Amino acid sequence: MSAFVEYIPGNSIFHRLNPITKILWTFSVMIVCFLTENPLAVLSVFIVNLVIAATGNIIRQMYPILRGLLVFCTILSLCQVFFIKEGTVVLYALPWFRLGPVTDRGIRLCVLISLRMLSTASTVPILLMTTPMSDIITAMTEKLRLPYKYSLMLTIALKFIPSFIDEMNQVMQAQMSRGYNSDTKNPFRKFLIIIPLAIPLLITSIQKSRLLAISMEVRGFGSGKRSCYKDCSMGNADYIAIIIMASFVLAGIAAALIT
Amino acid sequence: MIEIHDLTFTYSGSGSPALENINLRVAGGEFVGISGPAGAGKTTLALCINGVIPHFMDGSFHGTVIVDGYDTASAGCKELACSVGSVFQDPESQIVFSTVEEEIAFGLENLNIPRKEMVSRIDESLKMVGISHLKRCSTSHLSGGQKQRVAIASAIALKPKVLILDEPTSELDPQGSMEVFKTLENLNSNHNITVVVIEQKIQLLSEFCQRLVIMDKGKIMMDGPVKSILSNREVLNFLGIDSFPVAKLMHLIRDKGLYDGEFPVNIDEAFDIISYILKPKILH
């Protein structure tokens, strides 16, 4: 399975930060971007994101995501720009008929919205590409006191998605080799076609989960208090990063209060 | 190490017992193979030894199973996890985590073992099964044999006295099967772990085990040293266990009355016997 956002192993500073720090980073980017009205400030946040991605050596993997976001932003801006009447008109969509006026305020606002979108939406893939899912989950259990059972459930669910898809393909091929036609454009028929594929899949996954449960029990799962192998304590780099982020957020709040 | 007395178990909803009057003693340090046709109750026996029956499965359970001094029916989950390690058939669905070290850590975390000790135990068990280089690997990219060795490592990290494996090689290629059995041999002879392995491949059992238990229809049909069991062709044929080429060849040689000594269990032994038979003829 080629997941569209997948952990890419690396050893950059950002890779080594605590997952909690990185989660805080996504939130502080969001706060700063929505506090400030200045497109240049938001642009600099976006550039910082790109620098982080570059140092983490994931810029190539980020490229399709950024391209998608850019297309989305363009469409959004085109929809938005004609509805802002304030400011001076700089150009018309159809100059011959003086139709579809575009104002300078409109352009500024659309650029701001697009940049906000790019900066905030690009943080999540950066987080997921530089942090293994299991680390995020461990950090959530250890630091945010999420019950272990829930985080384990999440881990297992994530781990079983690829094997689930393999299984699905296998069932599909088995059915197809017996002449089952699963090729249709009609969404309703497609749904009906899925049923004979879903039942064997359901049965095998129940069997698998039963075996998984047994193999967890024999290793003492649920026998009481448990310890944690992964070290998810905060390092100096984490504290420095948090201080930097906090100062930016505070600066953003101060700037917003002044204007 | 393992003592089973008059064990009878019937799954709830089933009319006939899956195990009937099983009596089995396995001493510490033994390497025992269990074989038999499908539906013989081998897996059920394994589940009785590791305590999954009667703890997590419904059915009527009679008799006693004592492993490492613990009665499995009354011992807690924790004691059982520390005295019996289990490895199952499908390497895919017994591995929970995405990296090898996390997988091995799981059992240790469950038993609330402090982190420092955990690190050393993980390294030790990886070394014991010979996969230290895979410590940080992703579990999804391993071969079948490697996956099973990860499963073995995560079982022995809890320092069990007994290791029970339910058809650990049934989904592996010959090379992976060999890997697994060599690992078991090492654990058995160098680390004094009692190994009980359920296996269809008689050839592997004959090469590695000292003792063979043959089951059929919920009963133990034969129990003894590998050589004496393999020399009894009628019983093996009756049970539908296909004996391997060496045994077949030796049976033919015996039928001709050419040889009547100890039964060979591997190619080297068979070679010695055959050259012994041929020698006088070559000399003449």
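**Close-up views of a two-chain predicted model**

**View 1. The contact between chain A and chain B in this predicted model.** Chain A puts 26 residues into the contact, and chain B puts in 37 residues. The size of an interface is often given as the accessible area lost when the parts come together. Here the area buried between chain A and chain B is about 3000 Å², and carbon and sulfur atoms account for 59% of that area. On the side of chain A, the residues that lose the most area to chain B are Val218(A), Arg219(A) and Tyr229(A). Together these three make up 30% of what that side buries.

**View 2. Polar contacts and salt bridges between chain A and chain B.** Side chains of opposite charge can pair when their charged atoms come close. How many salt bridges are there between chain A and chain B? The count is three. In one salt bridge, the side chain of Lys230(A) meets that of Glu102(B), at 3.5 Å from N to O. Across the interface of chain A and chain B, 15 residue pairs are in polar contact, counting pairs with both residues at pLDDT 80 or more. Helix H7 (148-177) and helix H8 (187-217) of chain A each supply at least two residues of the side that touches chain B. Which element of chain A gives the most to that side? H8(A) does, with eight residues. By residue type, the side of chain A that touches chain B divides into 11 nonpolar, six polar and nine charged residues.

**View 3. The domains of chain A.** The domain assignment gives domain 1 of chain A as 13-140 + 232-258, and domain 2 as 147-217. The centres of domain 1 and domain 2 of chain A, taken over C-alpha atoms, are 37 Å apart.

**View 4. A four-stranded sheet in chain B.** Strands of a sheet pair through backbone hydrogen bonds, either parallel or antiparallel. This sheet of chain B is open, with antiparallel pairing and the strand order E2-E1-E4-E5. Strand E2 (19-26) and E5 of chain B stand at the edges with a single partner strand each, so one side of each has no neighbour in the sheet. E1(B) pairs with E2(B) over five bridges, in the antiparallel sense, and Leu7(B) stands opposite Ile22(B) in E2(B). Strand E1 (residues 2-11) of chain B is also joined to strand E4 (residues 59-67) of chain B, by eight bridges.

**View 5. The hairpin of E4(B) and E5(B).** E4(B) pairs with strand E5 (residues 70-71) of chain B in the antiparallel sense, over two bridges. The bridge partner of Val67(B) in E5(B) is Tyr70(B). Two residues lie between the strands of this hairpin, in which Asp68(B) has a positive phi near 55°.

**View 6. Backbone angles at Asn21(B) and Pro54(B).** Most residues other than glycine have a negative phi, and most peptide bonds are trans. Asn21(B) has a positive phi, near 50°, and lies in strand E2 of chain B. The peptide bond from Ile53(B) to Pro54(B) is cis, with omega near 5°. Pro54(B) is in helix H2 (residues 52-55) of chain B.

View 7. The structure holds 18 salt bridges over all chains.

Technical notes. Residues are numbered from 1 along each chain as its sequence is written. Chains are lettered from A and ligands numbered from 1 in the order in which they are written. This is a predicted model: local features need pLDDT of at least 70, side-chain atom pairs count only at pLDDT 80 or more; totals for chains, interfaces and linings use all residues. Side-chain values use heavy atoms; hydrogens and water are left out. Contact means heavy atoms within 4.5 Å. Buried area is the accessible area (1.4 Å probe) that two parts lose on being put together, summed over both. A salt bridge is a side-chain nitrogen of Lys or Arg within 4 Å of a carboxyl oxygen of Asp or Glu. A polar contact is a pair of N or O atoms within 3.5 Å; within protein, one must be able to donate a hydrogen and the other to accept it, and residues adjacent in sequence count only if both atoms are side-chain atoms. Ala, Val, Leu, Ile, Met, Phe, Trp, Tyr, Cys and Pro count as nonpolar, Asp, Glu, Lys and Arg as charged, and the others, Gly among them, as polar. Domain bounds come from an automatic or database domain assignment. Two strands pair if DSSP finds at least two bridges between them.
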